[in-house]
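I opened the model to look up charge pairs, ring contacts and surface patches. These are my notes, in the order I took them.

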Amino acid sequence: MSASKEAICASSEKEPEKPELGWATTRYFVTFMLFLGMANAYVMRTNMSVAIVAMVNHTAIQKGEEILDDECGDRELEVDNGEDGEFAWSSSLQGYILSSFFYGYVITQIPFGILAKKYGALRFLGWGMLINSVFAFLVPVAAREGGVYGLCAVRFIQGLGEGPIVPCTHALLAKWIPPNERSRMGAAVYAGAQFGTIISMPLSGLLAEYGFSGGWPSIFYVFGVVGTIWSIAFLFLVFEDPSVHPRIDEREKRYINDSLWGTDVIKSPPIPFKSIMKSLPFYAILLAHMGHNYGYETLMTELPTYMKQVLRFSLKSNGLLSSLPYLAMWLFSMFISVVADWMISSKRFSLTATRKIINSIGQYGPGLALIAASYTGCDRALTLAILTIGVGFNGGIYSGFKINHLDLTPRFAGFLMAITNCLANLAGLLAPIAAGNLINNKPTMGQWQIVFFIAALVYIVCGTFYNVFGSGERQFWDNPENDEHKPSLGGNENNGMTPARLSNGNGAPLAITASESRQ
């Protein structure tokens with residue numbers, strides 16, 4: 001094992017030379033398109049949480065039974081709650097409507113993870129998001145003509161279309177981004193989730209109040225058009241990998257293909273299902289992912305309702321102010337990814353320690369913030385400030401467990417992401433249902449405190465499990481020495497690069513050198 005390690009580290013001195021192409025590179029364009037795709041996906045996911053506030057007739061469902069805390073001295077102030085909507089849906093029904101999207105989203109994760117590895121990721125991602133976008137146009141008619149069941153069916157189909165977004169994005173990143181750029185590029189792509197939320201919430205609030213076709217329907221029409229345009233552009237402008245791209249600079253193609261092990265000399269082996277299921281570091285990522293999704297979905301789907309029912313903001317302010325925590329998360333995720341890269345490259349911290357430290361910020365931070373926010377009472381500014389800071393800290397997860405799949409197993413990272421994202425979204429699916437049933441038409445501070453405490457506990461427990469069992473080391477079951485070899489795709493076996501061989505004749509991928517030599 002030590003000989004292999006030494007050979008791997010030694011080959012890091014022969015890393016391909018990076019061509020000086022500035023920012024006008026094809027892989028950066030692919031990254032940008034994936035960023036927009038992630039943003040579009042989260043727009044489709046979050047716009048219902050704002051729209052439903054405008055859709056529901058709150059006066060009809062309260063029937064004089066709404067209980068409000070009497071602790072707030074400004075409760076008698078006149079507050080613009082917006083106009084009542086047309087649907088008399090209870091809090092429980094709203095929870096099921098909000099969660100219906102995730103049923104479709106969850107069941108497609110693992111199938112798309114396997115299919116993307118076998119047939120390629122690009123078409124699944126592009127066509128899936130096109131389906132998601134087209135069905136957005138049907139949301140208003142489904143709600144008005146089909147009621148709760150019709151709306152849930154359309155949202156379920158939208159979830160099916162969005163299913164490929166994470167596993168296929170992971171697969172495309174693995175094909176396009178060299179190992180020494182993965183942390184920053186990965187964080188940039190997945191930060192599109194926060195960017196989409198930032199755009200969706202305030203714009204949805206404005207459209208709900210001032211939009212066409214009755215206000216809230218315009219939310220789905222506008223974002224449906226945007227999503228459709230992106231999907232078509234993605235299918236025509238982005239390619240599966242550098243080898244099939246007709247316009248990529250040859251120097252960049254050579255750099256990417258020489259940097260990414262497994263693209264020219266290593267045959268992709270079968271997925272080691274049994275070994276993955278026995279791996280504690282894998283379960284550490286899984287629990288961290290589940291804890292994050294439960295807490296994040298609690299805030300993402302319930303925060304607009306909390307802002308209106310408890311803090312008494314207007315619908316227009318609701319969308320704007322609800323987006324502030326995600327703006328903080330977006331900015332912090334970009335900042336902390338640079339810090340994480342410095343911690344690793346400076347060799348002051350191991351890869352394992354870096355992942356755990358940054359992930360602790362990303363999960364303990366929002367957990368403690370949720371607890372603190374539940375004790376702020378009617379202080380709107382303080383509550384919003386705490387939630388903004390807490391959710392901002394959540395951005396640490398993108399340099400924590402979210403990229404940790406690539407550390408454990410670069411070759412099977414897409415499949416691992418499919419598994420963890422599937423189960424994590426099952427956990428996230430429970431969040432709006434639990435909140436809806438806990439509130440159940442009684443939006444008091446006491447009830448919301450329970451919602452926040454549960455989410456905080458989940459954050460902290462899952463983050464602690466990750467700290468105990470997580471790892472940044474490549475796992476033994478992803479061993480390149482057992483691979484069968486195939487001819488080079490580009491015919492460049494003798495291009496000056498040693499074709500990833502250890503001293504004992506076995507294969508060793510160049511990409512491992514960059515990550516393992518830092519550990």
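I took a salt bridge to be a side-chain nitrogen of Lys or Arg within 4 Å of a carboxyl oxygen of Asp or Glu. By this rule I count six salt bridges. The model is predicted, so I kept to its thresholds: local features need pLDDT of at least 70, side-chain atom pairs count only at pLDDT 80 or more, and totals for chains, interfaces and linings use all residues. Residues are numbered from 1 along each chain as its sequence is written, and side-chain values use heavy atoms, with hydrogens and water left out.

**Entry: salt bridges**

I looked up E252 first. E252 pairs with R27, with 3.1 Å between the closest N and O atoms. The pair links distant parts of the chain: E252 is in helix α12 (residues 250–259) and R27 in helix α2, 225 residues apart. I read helices as DSSP runs (H or I, at least four residues), numbered from the N terminus. Both E252 and R27 are buried. For burial I used relative accessible area: buried is under 20%, exposed over 50%, partly exposed in between (1.4 Å probe, protein chains only).

Next I took E162 and R45. Their side chains form a salt bridge at 3.5 Å, N to O. E162 lies in helix α7 (residues 139–162) and R45 in helix α2, so this contact ties together parts 117 residues apart in sequence. E162 is buried, at a relative accessible area of 0%. R45 is buried too, at 4%.

Then D407. It bridges to R355, with the closest N and O atoms 2.6 Å apart. D407 lies in helix α19 (residues 401–408) and R355 in helix α17 (residues 351–373), so the pair ties together parts 52 residues apart in sequence. D407 and R355 are both buried.

**Entry: rings**

I paired rings of Phe, Tyr and Trp (its six-membered ring) if their centres lie within 6.5 Å; planes under 30 degrees apart are stacked, over 60 edge-to-face, the rest tilted. The count comes to 19 aromatic pairs. Y42 and Y296 are edge-to-face, 6.5 Å centre to centre with 65 degrees between the planes. Y42 is in helix α2 and Y296 in helix α14 (residues 280–309), 254 residues apart. Both Y42 and Y296 are buried.

Why is the F101 and Y105 pair stacked? Their centres are 6.3 Å apart and their planes are at 25 degrees, so the pair counts as stacked. F101 and Y105 both lie in helix α4 (residues 91–107), four residues apart, about one turn of the helix. F101 counts as buried at 0% relative accessibility, and Y105 at 1%. I also noted a cluster: ring pairs link F32, F35, F195 and W330.

**Entry: charges over rings**

My rule here: NZ of Lys or CZ of Arg within 6 Å of the ring centre and within 35 degrees of the ring normal. The charged end of R45 sits over the ring of Y42, 4.3 Å from its centre. R27 lies over the face of Y28, at 4.9 Å from the ring centre.

**Entry: surface patch**

Patch members have over 30% relative accessible area and no salt bridge; like charges are joined within 9 Å, nonpolar side chains (Val, Leu, Ile, Met, Phe, Trp, Tyr) within 5 Å. Areas come from the Shrake-Rupley method with a 1.4 Å probe; for residues, only the protein chains shown count as cover. F29, F32, I232, F236 and L237 form a nonpolar surface patch, with about 490 Å² of accessible area together. The elements giving two or more residues are α2 (26–55) and α11 (217–237). Helix α11 gives the most, three residues. F236 is in helix α11 and counts as exposed, at 62% relative accessibility.
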